[in-house]
Amino acid sequence: MDNKFPTFNLPDAEARSFTGRQRELQLWWDGLPAGVRSPVWPGMLATLIIVGLLLAFHQVVRGAVQQSELRLKATAMYSEATWRCNTLRGPSAVESCLLQLKAQAESNALRQAQNTPGAHPSNVQAVMMTNLDLLSNR
């Protein structure tokens with residue numbers, strides 16, 4: 001079984017220019033001071049990059065944890081408010097309370113989306129927001 005590996009044959013002019021550039025680069029590298037050519041610099045650069053990436057990852061995870069805590073708190077408050085609405089006497093009182101709770105939750109979500117940097121409300125959200133504002137002004 002013959003394995004045929006690809007070979008790259010450069011024309012003579014390109015091979016000479018590549019070799020010339022390689023030689024120029026080596027001369028430039030050899031002309032640098034010994035302290036700069038030290039193998040410590042790539043390690044230090046890699047360490048700084050790794051630390052920067054770890055800090056960025058930490059910020060992202062921290063933000064996700066805070067967001068999930070807020071979401072959990074909001075869900076608990078909404079569940080408690082729903083439970084309180086359901087304990088009211090009379091079906092009309094329960095329905096009215098639940099409608100107010102739902103409108104307030106949607107309004108808070110829209111305000112939060114508007115205050116979030118980089119988040120733009122969709123057209124539907126903008127229409128809902130103006131309808132809620134009109135209802136609250138009555």
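By the sulfur-distance rule (a disulfide is a pair of cysteine sulfur atoms within 2.5 Å), this predicted model has one disulfide. The partners are Cys-85 and Cys-97, whose sulfur atoms sit 1.8 Å apart. Cys-85 lies in helix 2 and Cys-97 in helix 3 (residues 91–115), so the pair ties together parts that are twelve residues apart in sequence. Helices here are DSSP runs of H or I with at least four residues, strands are runs of E with at least two, and both are numbered from the N terminus. The torsion about the S-S bond of Cys-85 and Cys-97 is about -55°, so the disulfide is left-handed.

What does Cys-97 touch once its neighbours within four places in sequence are set aside? The contacts of Cys-97 are then Cys-85 and Leu-88, with contact meaning heavy atoms within 4.5 Å.

A few words on the ground rules. Residues are numbered from 1 along each chain as its sequence is written, and side-chain values use heavy atoms, with hydrogens and water left out. Because this is a predicted model, local features need pLDDT of at least 70 and side-chain atom pairs count only at pLDDT 80 or more, while totals for chains, interfaces and linings use all residues.

Now for the chain as a whole. The protein chain has four helices and zero strands, and reading along the sequence gives the pattern α-α-α-α. Of its 138 residues, 6% are buried. The protein chain exposes about 12400 Å², with 63% of that supplied by carbon and sulfur atoms; areas come from the Shrake-Rupley method with a 1.4 Å probe, and for residues only the protein chains shown count as cover.

Back in helix 2 (residues 40–86), Arg-84 and Glu-80 lie four residues apart, about one turn of the helix. They form a salt bridge, with the closest N and O atoms 2.6 Å apart. The rule asks for a side-chain nitrogen of Lys or Arg within 4 Å of a carboxyl oxygen of Asp or Glu, and the count comes to one salt bridge.

Over in helix 1 (residues 12–31) you'll find Leu-25. Leu-25, Trp-28 and Trp-29 make a nonpolar surface patch of about 360 Å². Patches take residues with over 30% relative accessible area and no salt bridge, joining like charges within 9 Å and nonpolar side chains (Val, Leu, Ile, Met, Phe, Trp, Tyr) within 5 Å.

The rings of Trp-28 and Trp-29 have centres 6.3 Å apart and planes at 50°, so the pair is tilted. Rings of Phe, Tyr and Trp (its six-membered ring) pair if their centres lie within 6.5 Å; planes under 30 degrees apart are stacked, over 60 edge-to-face, and the rest tilted.

| Residue | Relative accessible area | Class |
|---|---|---|
| Cys-85 | 4% | buried |
| Glu-80 | 39% | partly exposed |
| Leu-25 | 53% | exposed |
| Trp-28 | 52% | exposed |
| Trp-29 | 37% | partly exposed |

Terms used
Buried < 20%, exposed > 50% of the residue type's maximum accessible area, 1.4 Å probe, protein only.
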